[in-house]
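My plan is to look things up piece by piece and jot down what turns up.

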Amino acid sequence: MMGMTGYSSISKDTKFGRISMSLRSLNSRFLEIKVNMPNNLIVGGLGDFEKVARDMIKSKLKRGKIDVFIAFFSKGQDS
């Protein structure tokens, strides 16, 4: 049996600002996925990202509690 507890994070600079994503997994009997992202990203066109992220996770994992955290730090007001 492989361990199900883990943590990972990544950050990327873009022309609009810096986006950071972290993922935390805990052992659990069922698959529970929670995606936390700022409302301005949902309204700004990434609303489908939550569904894509969930589908990617479901294709790889059968169980566990998965928390996905996304943050965006804008370079300027107009971004």
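**Entry 1: a serine pair.** I started with Ser 9, which stands opposite Ser 22 in E2. The names come from DSSP runs: helices (H or I) need at least four residues, strands (E) at least two, and numbering starts from the N terminus. I noted that this is a predicted model, where local features need pLDDT of at least 70 and side-chain atom pairs count only at pLDDT 80 or more, while totals for chains, interfaces and linings use all residues. Residues are numbered from 1 along each chain as its sequence is written, and side-chain values use heavy atoms, with hydrogens and water left out.

**Entry 2: the hairpin.** I checked how E1 and strand E2 (residues 17–26) are joined, and I got eight bridges, with the two running antiparallel. They form a hairpin with three residues between them. For pairing, DSSP has to find at least two bridges between two strands. A reminder to myself: strands of a sheet pair through backbone hydrogen bonds, either parallel or antiparallel.

**Entry 3: the whole sheet.** In what order do the strands of the open sheet sit? I read E1-E2-E4-E3, four strands with mixed pairing. E1 and strand E3 (31–36) are at the edges with a single partner strand each, so one side of each has no neighbour in the sheet. Ignoring direction, neighbouring strands of this sheet are turned by 10 degrees against each other on average. (Axes are lines fitted to C-alpha atoms, for helices over the stretch in contact, and angles run from 0 to 180 degrees between N-to-C directions.)

**Entry 4: is E1 covered or open?** I counted buried residues among the eight of E1 and got zero, so E1 lies largely in the open. Buried means under 20% relative accessible area, exposed means over 50%, and partly exposed is in between (1.4 Å probe, protein chains only). For the protein chain, 20% of the 79 residues count as buried.

**Entry 5: helix over sheet.** I followed helix H2 (residues 49–60) next, and it lies across E2, E3 and strand E4 (64–74). H2 runs at about 150 degrees to E3. Contact here means heavy atoms within 4.5 Å.

**Entry 6: the core.** Which residues make up the largest nonpolar core? I listed seven: Ile 33, Val 35, Met 37, Ile 57, Ile 66, Val 68 and Ile 70. E3 and E4 are the elements that give two or more residues to this core, and E4 gives the most, with three. Such a core is a set of buried Ala, Val, Leu, Ile, Met, Phe, Trp, Tyr and Cys residues joined through side-chain atoms within 4.5 Å. I zoomed in on Val 35, which touches Glu 50, Arg 54, Val 68 and Ile 70, leaving out residues up to four places away in sequence.

**Entry 7: salt bridges.** How many salt bridges does the structure hold? I got four, where a salt bridge is a side-chain nitrogen of Lys or Arg within 4 Å of a carboxyl oxygen of Asp or Glu.

- Two of the Val 35 contacts turned up again: Arg 54 and Glu 50 meet in a salt bridge (3.2 Å, N to O). Both lie in helix H2, four residues apart, about one turn of the helix. Arg 54 counts as partly exposed at 26% relative accessibility, and Glu 50 counts as partly exposed at 26% too.
- Lys 51 and Asp 55 meet in a salt bridge as well (2.8 Å, N to O). They also sit in helix H2, four residues apart. Lys 51 is exposed at 53%, whereas Asp 55 is partly exposed at 37%.
- Asp 13 pairs with Arg 18, and their closest N and O atoms are 2.6 Å apart. Asp 13 counts as exposed at 54%, while Arg 18 is partly exposed at 35%.

Entry 8: I looked at pLDDT, the predictor's confidence in each residue, from 0 to 100. The protein chain averages 84, and 82% of the residues score at least 70.
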